[in-house]
Amino acid sequence: MSPDPTLAKRALRAELRERRQNLSQHERDIATIGLTQNLEAVTLDLAARSIACFLSTPMEPNTRPFINWAEAQGLRVLFPISRDDGLLDWTVGEESVETEGLHGMPEAVGELLGPIAINDVDLIIVPAASVDESGMRMGWGRGYFDKTLGSMENCPPVYAVIFDSEFVDEVPREVHDQPVNGVVTPTRILTF
């Protein structure tokens, strides 16, 4: 009998969370430089003019330098806003300030554009706890991005952002889990 994917995910998430907490500031700084360069490369390669990207927490790979670059290039950047119903609203964050969202996640402040605003972007950058060789993404358990991606009719390329050690042979999967088109780490860009 195969192990319960919910329990397997919980154990893997705990291990990954601990690993992230043990990274030194120097390791984080080096990772941010590589990650930013690789996210810029993916964006240029896809000729994206509009992207959706999350604001990282202190424990996650840092997306802010990439977001600053994208905005400086004149790209339209949509940021996710958590809702009680498990869906995501989006904003361009025109006020250039952040607040703490529903689950303690950093969120941009601005006019709410509604869940379907993401249908207009050329590239989606999502957080992940881990991604495996088949492109299956394991998130942190709230299901926001799985619901969003699963509901999109014409989904643009979706890239998950993780640290190098979080790319694994296989992640536990459940029916609702959504794969990604690629992974961006501090040292690699992988397309599935």
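Residues are classed by relative accessible area, with buried meaning under 20%, exposed over 50% and partly exposed in between (1.4 Å probe, protein chains only). The structure is a predicted model, in which local features need pLDDT of at least 70 and side-chain atom pairs count only at pLDDT 80 or more, while totals for chains, interfaces and linings use all residues. Residues are numbered from 1 along each chain as its sequence is written, and side-chain values use heavy atoms, with hydrogens and water left out.

**Figure 1. Overall architecture of the protein.** The fold comprises four helices and twelve strands; helices (H or I, at least four residues) and strands (E, at least two) are DSSP runs, numbered from the N terminus. The radius of gyration is 16 Å, close to the 16 Å given by the globule rule for 192 residues, so the protein is as compact as a globular protein of that length. This radius is taken over C-alpha atoms, and the globule rule is 2.2 Å times the number of residues to the power 0.38. The C-alpha trace spans about 50 × 40 × 30 Å along its principal axes. Of the 192 residues, 48% are buried. Among contacts (heavy atoms within 4.5 Å) with a separation of 6 or more, 67% join residues 24 or more positions apart.

**Figure 2. Surface and charge of the protein.** The accessible surface comes to about 9,700 Å², and 51% of it belongs to carbon and sulfur atoms. Accessible areas come from the Shrake-Rupley method with a 1.4 Å probe; for residues, only the protein chains shown count as cover. There are 16 positive and 30 negative side chains, and the centres of the two sets lie 4 Å apart. Lys and Arg count as positive and Asp and Glu as negative, whereas His and the chain ends are not counted. Each charge is placed at NZ of Lys, CZ of Arg, CG of Asp or CD of Glu.

Figure 3. D132 belongs to strand β7 (residues 130-132) and is buried, at a relative accessible area of 1%. Leaving aside neighbours within four places in sequence, D132 is in contact with F167, V168, D169, E170, V171, R173 and F192. F167 lies 35 residues from D132 along the chain, yet the two C-alpha atoms are separated by 5.6 Å.

Figure 4. Within helix α4 (residues 144-151), the buried residues include Y144, F145, D146, T148 and L149. Elements that cover the buried residues of α4 include β2 (76-82), β3 (88-91), β6 (123-127), β8 (137-138) and β9 (158-161).

Figure 5. C53 is buried, with a relative accessibility of 1%, whereas C155 is partly exposed, with a relative accessible area of 34%.

Figure 6. T63 occupies the loop between β1 and α3 (64-72). Its relative accessible area is 0%, and T63 is therefore buried. Not counting residues up to four places away in sequence, T63 touches C53, F54, L55 and S56.

Figure 7. A47 lies in the loop between α2 (25-45) and β1 (50-53). A47 has a positive phi of about 50°, although it is not a glycine. Most residues other than glycine have a negative phi. A47 is exposed, with a relative accessible area of 56%.

Figure 8. P115 is placed in the loop between β5 (106-108) and β6 and is partly exposed, at 31% relative accessibility. Beyond residues up to four places away in sequence, P115 touches R83, L88, D89 and W90. P115 and R83 are 32 residues apart in sequence and 9.7 Å apart in space, C-alpha to C-alpha. D164 is found in the loop between β9 and β10 (167-168) and is partly exposed, with a relative accessible area of 28%. With residues up to four places away in sequence not counted, D164 touches T185, P186, T187 and R188.
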